[in-house]
Amino acid sequence: MNELERLNRIIPVRILRTGEDGKDSRGAVLETLGMITGSGVITGAEMEPAWKIETEKRGKPYFADHSDTAFSVSDCAGLTAVCFDRTRVGIDLQEHRRGRRDTEERLLSRCLSIAARAFHADENSYVKAASASDPGEAVRRFFCIWSAKEAYVKYTGSGIDDYFSKFSVLPDACESVRCGGETGAFPGREEKTGRGGLSLEETGSASFHALGKWFFCAELYSAEMNLRFSLCICAEKEKPVAYRFG
């Protein structure tokens with residue numbers, strides 16, 4: 001069986017270390033593809049002759065000769081997140097970081113300021129609504145929305161432009177459901193923590209529909225880095241999300 005057939009039923013996500021500049025993200029895409037296809041851990045150079053990567057006009061990458069396999073990539077805090085699907089897909093990984101001299105109050109203030117400038121009015125209201133009673137929840141809402149908006153523009157290939165504040169990624173209806181993960185997405189590697197020792201814990205996740213697309217959003221925590229991340233995927237159809245870390 002063609003191992004890529006698994007993309008008909010799951011969206012595999014791999015998060016690995018690539019360094020602060022994310023310069024190996026292209027290789028991470030091809031290496032991860034090798035894992036999914038059962039080729040094992042091989043280099044990007046070994047995969048690239050058959051899986052040439054090109055970019056659309058606005059910079060969205062795609063496989064030139066494989067229109068039935070799509071991917072998206074995001075770099076953040078020395079990590080790279082990669083996901084695959086049968087049709088267009090977008091992924092974004094955002095860190096919840098405070099500077100060494102920063103405080104929770106200053107972080108919240110920055111989030112509110114950015115939301116006021118860059119978010120749709122409904123999204124801005126959603127973040128502000130929690131700011132007085134639960135500042136931590138307001139920050140989580142901010143990063144969830146930001147990563148969802150980034151995932152959406154990566155899905156469309158439009159990138160961040162003047163339209164960014166004109167659309168809302170809040171759910172079309174009051175829906176918020178648990179989206180279960182699945183192991184075994186990478187043949188022979190059912191463990192979630194892999195090469196490189198990267199360990200992340202999912203502390204919460206939800207899926208919903210907005211803008212005619214399906215979104216999966218999760219909060220991840222790295223004890224070794226003492227960082228929280230928001231991860232969001234924008235896809236055409238709802239599917240279980242299967243993680244691999246490392």
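Predicted model: local features only at pLDDT ≥ 70, side-chain atom pairs only at ≥ 80, totals over all residues.
Counting the contacts in the protein chain with a separation of 6 or more, 63% of them are between residues 24 or more positions apart.

Residues are numbered from 1 along each chain as its sequence is written, and side-chain values use heavy atoms, with hydrogens and water left out.

The protein chain holds five helices and 10 strands, taken as DSSP runs numbered from the N terminus (H or I of at least four residues for helices, E of at least two for strands). Of its 246 residues, 49% are buried, where buried means under 20% relative accessible area with a 1.4 Å probe, protein chains only.

Let me turn to the second largest pocket, whose volume is about 420 Å³, the space filled by probe spheres set on grid points that are joined across faces, edges and corners. A pocket here is an open set of points on a 1 Å grid over the protein atoms alone, where a 1.4 Å probe fits, with protein on both sides within 12 Å along at least five of seven lines, and lining residues have an atom within 4 Å of a point. The lining has 16 residues, and the closest to the centre are His 96, Arg 98, Glu 104, Leu 107 and Arg 228. Two or more lining residues come from each of helix 3 (104-118), helix 5 (135-156), strand 8 (213-222) and strand 9 (227-235), and helix 5 gives the most, with four residues.

Helix 5 is also the place of Lys 149. Is Lys 149 buried or exposed? At 0% relative accessibility, Lys 149 counts as buried, and, leaving aside neighbours within four places in sequence, Lys 149 is in contact with Ala 118, Phe 119, His 120, Glu 123, Phe 164, Phe 167 and Val 169.

Finally, the cysteines. A search of the whole structure finds zero disulfides, a disulfide being a pair of cysteine sulfur atoms within 2.5 Å. For Cys 83, which is in no disulfide, the nearest cysteine sulfur is that of Cys 234, 9.8 Å away. Cys 83 counts as buried because its relative accessibility is 0%, and Cys 111 is buried with a relative accessible area of 2%.

Note on methods
Buried < 20%, exposed > 50% of the residue type's maximum accessible area, 1.4 Å probe, protein only. Contact = heavy atoms within 4.5 Å.
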